[in-house]
Amino acid sequence: MRFINSPEAVERLRKARCFVLDMDGTFYLDTTIIPGSLEFYHAVINSGRQILFLTNNSSHDAAHYVNRLRGMGVPVTPEQIYTSGMATCQYLNRVYPGARVFLMGNHFLREEFSRYGIHLVEEKPDLVVAGFDTELTYDKLVKTCDYIRGGLPYIATHPDYNCPTSTGFIPDLGAMMALIQASTGRSADYIVGKPHEEIVRGMLEMTGLEPESLCICGDRLYTDVATGVNAGILSVCVLSGESTEADVEASPIKPDLVVERLYSLNAMMGLS
């Protein structure tokens, strides 16, 4: 790897008290854990630091991620998971309390919204929320576009274009939003997930720490790394998912550190 990480960034890394980890493409790919991820997790926890798994993927709820990670041998608790779906629910309850919501989302996200007491409707909504809908039908897409074209507030859970898997990439919500914009002429009025401020607000509440005590690690420059840049959080780009060395070189969004995978951080921090 051609990147040279600065001593100043490495020193900030060693002082971090909580590691905020993306999941897809960073900790695992689909159902396969990335080599060294488990060793990194245990080394961080054993050093007395925190780990919070933070994902933009709104196609699953926190319980799903707990079960997935435990199935990979990671002893996580629900309190260590925060999703863009959860952050969106909190945002809606704060900004649009009691609103009638039309949701473009799968059954996992619908269940998440119901747990937060959000009133989901098919007709006469007050606003539209778009999530990563892995059960998207053409009829649902038509209705989503009709409501957005009609001028209703339009909220998106996150902006990711692709979701990495063990066999490549699948279209994520950002790609669906591009289709919606082509049809309606509108982009989302508000995006909740990384790199936007709403999910950072929730992340800080979850950890109880200030930005300077955190380190965010992820494989996407425009979400994971941009979150760190925007919020003053140390950012690490891992090359185990979407971003390549060429992407990092070409991007105006620059991470503080670039590593091959999470396990590369162990040696940098002196963790065994």
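Which strands and helices do the buried residues of α3 pack against? In this predicted model, local features need pLDDT of at least 70 and side-chain atom pairs count only at pLDDT 80 or more, while totals for chains, interfaces and linings use all residues. Residues are numbered from 1 along each chain as its sequence is written, and side-chain values use heavy atoms, with hydrogens and water left out.

Helix α3 spans residues 62-71, and its buried residues (under 20% relative accessible area, 1.4 Å probe, protein chains only) are Ala62, His64, Tyr65, Val66 and Leu69. These buried residues pack against β2 (28-29), β4 (50-55), β5 (81-83), α4 and α5, where contact means heavy atoms within 4.5 Å. Helices here are DSSP runs of H or I with at least four residues, and strands are runs of E with at least two, numbered from the N terminus. Just after α3, Gly73 takes a positive phi of about 90°.

Helix α4 (residues 84-95) packs with α5 (residues 107-115) at an angle of about 40°, their axes being 10 Å apart. Gly85, Met86, Thr88, Cys89 and Leu92 of α4 meet Leu109, Glu112 and Phe113 of α5.

With α8 (residues 197-207), α4 packs at an angle of about 100°, with the axes 9 Å apart, which makes α4 roughly perpendicular to α8 (65 to 115 degrees). Ser84, Ala87, Tyr91 and Arg94 of α4 make this contact with Glu198, Ile199 and Arg201 of α8.

Definitions and conventions: Axes fitted to C-alpha atoms, helices over the stretch in contact; angles between N-to-C directions. Parallel < 35°, antiparallel > 145°, perpendicular 65-115°, else oblique. Buried < 20%, exposed > 50% of the residue type's maximum accessible area, 1.4 Å probe, protein only.
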